[in-house]
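Dear colleague,

Please find below the structure that I am handing over to you. My findings follow it.

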Amino acid sequence: RLLGGERMFKVRDDSKILAWRKRVEEHRAQFAKIEDSIAAGGQGRQLCIPASGTYNGCYGENGFKGDTSYVLTFEPARGSAVRVHGTVSDTDGQAIIEDGYILPNGDCYWIERSPPGSIEPPAKRVMTPGKKPSGDVTEEEASTLMALVVAKYDKAEGHISGNYEANTGIGGTMWCKCGPPVASIVSLGESSGGAVPIA
């Protein structure tokens, strides 16, 4: 997943990094618009606050399925939004969760950021054909593995499921639930709606 075999990523493609950054900005704007609509509708501080703690689960990427563990903290933010932050880890390492929000309907997103240098220096730098080189991508950004997670919190079931996309262009699905590890006894069913545990 985010922390997996992408350490072997050898080609730096600024186009993918810039496209990923644009999608992050679009999600921020989309969530802000929804939040404003909720406030305008008079719903006020109807918060959707999951329990903070350890969320164990699984992920799927290019046919590979593995275990993952999140330590998530949820706390009130502006309006009826709830801020999400914490850490995520798997067998390959750990990342920081930042810039995350969840809305009253359970829709949520966050950014997972690995330490600088989590992507090895590429053997070469490329741009997608037809794209002009951009000086907007810093060396640190190009060597830092990041992922945008777009998911849904199911209040009734107490789990979070969705999809992620790394700034390398690689993506997959994720599923996690607050409590003891569960990934060892479930597999992932991948769909447009994200990851679903299957006994």
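**Strand pairing and confidence**

The hairpin of strand 9 and strand 10 has four residues between the strands, and G169 takes a positive phi near 95° there. This is a predicted model. Strand 9 covers residues 159-166 and runs antiparallel to strand 10, with seven bridges joining the two. Within this pairing, Y164 has G172 of strand 10 as its bridge partner.

Strand 10 (residues 171-178) is also joined to strand 2 (residues 53-61), again in an antiparallel arrangement, by six bridges. Here G57 is the residue whose bridge partner in strand 10 is C176.

The C-alpha atoms of F64 and G172 are separated by 9.5 Å, although the two residues are 108 apart along the chain. F64 has a relative accessible area of 48%, so this residue counts as partly exposed.

As to confidence, the average pLDDT of the protein is 75, and 65% of the residues score at least 70. Among the elements, strand 9 has the highest mean pLDDT, 94, whereas strand 11 (residues 187-191) has the lowest, 39. The pLDDT is also below 50 over residues 3-10, a stretch with 27 contacts in the model beyond near neighbours in sequence. Residues 127-135 likewise stay under 50 in pLDDT, and the model has twelve contacts for them beyond four places in sequence.

Yours sincerely

Conventions:
Residues numbered from 1 in each chain as written. Predicted model: local features only at pLDDT ≥ 70, side-chain atom pairs only at ≥ 80, totals over all residues. Heavy atoms only, no water. Pairing = 2+ DSSP bridges. pLDDT = per-residue confidence, 0-100. Contact = heavy atoms within 4.5 Å. Buried < 20%, exposed > 50% of the residue type's maximum accessible area, 1.4 Å probe, protein only.
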